[in-house]
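Hi,

Here is the structure I promised to send over.

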Amino acid sequence: MRFTGTSALAALALAGCATAPTEVASAPAAPVAAPAPMGGEAPAPDPMRWTYGSGEAAAASIQAWRLIADYTIFVSRQRKLPQSVPLGLPDTPGGLGTPSCQREDGTQKPFAAVFDVDETVILNRGYEYWLSLGNAFTPEAFMKWADEGAPYAVPVPGAVTGIRRLREAGIEVVFNTNRPTATAAGTIAAIEKAGVGPAVHGKTLFLAGDDALGGNKDGRRKIISDSYCVIALGGDNLGDFAELLNDRALTVQQRRELAARGDIAQLWGNGWFLIPNAAYGFWQKGTIDDVFPPDARWTPDTLVRTAPDIMNEGK
């Protein structure tokens with residue numbers, strides 16, 4: 001997933017960041033020069049090492065895509081379903097809805113699986129390489145990447161086989177990405193270059209700007225569910241499933257608990273499938289105290305040495 005937020009500009013600004021978004025200061029800050037690009041021999045940031053370089057990430061992605069195909073094909077063999085899998089929809093009590101799988105004339109809508117694009121079906125290795133050299137994100141740079149980066153596009157491990165299996169089973173593959181509508185041609189080219197195409201804007205590809213909700217995907221999920229019986233969702237960010245999970249009013253721990261308990265917990269692997277991405281995302285926020293609540297703050301008290309203690313050693 002590339003963008004979050006309610007406006008196109010805010011969505012775009014979060015997209016390419018490899019670091020957590022920060023709160024807007026009450027007064028304009030002095031301009032800060034971007035760090036000079038580092039040499040290619042410098043250590044890559046750990047999140048990028050894992051997402052783009054590790055066998056562990058490849059294995060986890062292949063595992064997820066195998067589960068997606070196995071589950072979705074199994075469900076599709078039921079031929080007729082009364083309603084879609086729960087998905088985030090606008091103006092719905094609780095933020096989740098299960099649209100009918102029947103058209104007004106009583107016929108069955110075709111089955112579909114809906115996926116995010118960036119770091120879900122394609123890897124943005126070229127753009128992340130540019131960031132890893134110390135370059136700062138700019139909307140202009142990401143737009144240029146989205147428009148022209150198709151030659152560098154590669155699939156997320158497992159995606160080509162998983163998507164091929166879905167299509168062979170007669171399941172429509174629909175992409176719902178927060179790349180801007182203006183980048184439709186470049187996005188289609190990247191999807192096809194990665195071997196997971198085709199994609200048709202407005203039919204099997206939906207982008208930020210296709211409705212009035214900007215980076216909030218709930219509206220586009222409504223458009224998709226009007227035409228399809230959605231039986232699976234896949235993405236690398238919780239907003240790829242329901243915008244309620246990206247509510248900015250939630251604390252770090254509240255967001256985690258919302259995703260990991262109750263009815264939502266029952267959806268993981270059961271209609272909702274998360275593709276691993278440690279490089280960037282809405283999750284990039286939280287202090288040490290936010291991430292580690294009081295009941296998690298263990299220290300070996302008898303072994304802890306403070307900085308003054310260390311400095312006074314030998315005196």
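Phenylalanine 115 is buried, because its relative accessibility of 1% falls under the 20% cut-off. This is a predicted model, by the way, so please read everything here as computed from it. The ring of phenylalanine 115 pairs with that of tryptophan 65: the centres are 4.8 Å apart and the planes sit at 45 degrees, so the pair is tilted. Tryptophan 65 is buried too, with a relative accessible area of 1%.

Where do the two partners sit? Tryptophan 65 is in helix 3 (residues 55-76) and phenylalanine 115 is in strand 3, so their contact ties together parts that are 50 residues apart in sequence. That pair belongs to a total of nine aromatic pairs in the structure. There is also one aromatic cluster, made up of Tyr127, Trp130, Phe142, Trp145 and Tyr152.

On to the cysteines. The count comes to one disulfide, and it joins cysteine 101 to cysteine 229, with 2.0 Å between the sulfur atoms. The link is right-handed, with 60 degrees about the S-S bond. What does this pair hold together?

Cheers

Terms used
Residues numbered from 1 in each chain as written. Predicted model: local features only at pLDDT ≥ 70, side-chain atom pairs only at ≥ 80, totals over all residues. Heavy atoms only, no water. Disulfide = S-S within 2.5 Å. Phe/Tyr/Trp six-rings, centres within 6.5 Å; stacked < 30°, edge-to-face > 60°. Helix = DSSP H or I, 4+ residues; strand = E, 2+ residues; numbered from the N terminus. Buried < 20%, exposed > 50% of the residue type's maximum accessible area, 1.4 Å probe, protein only.
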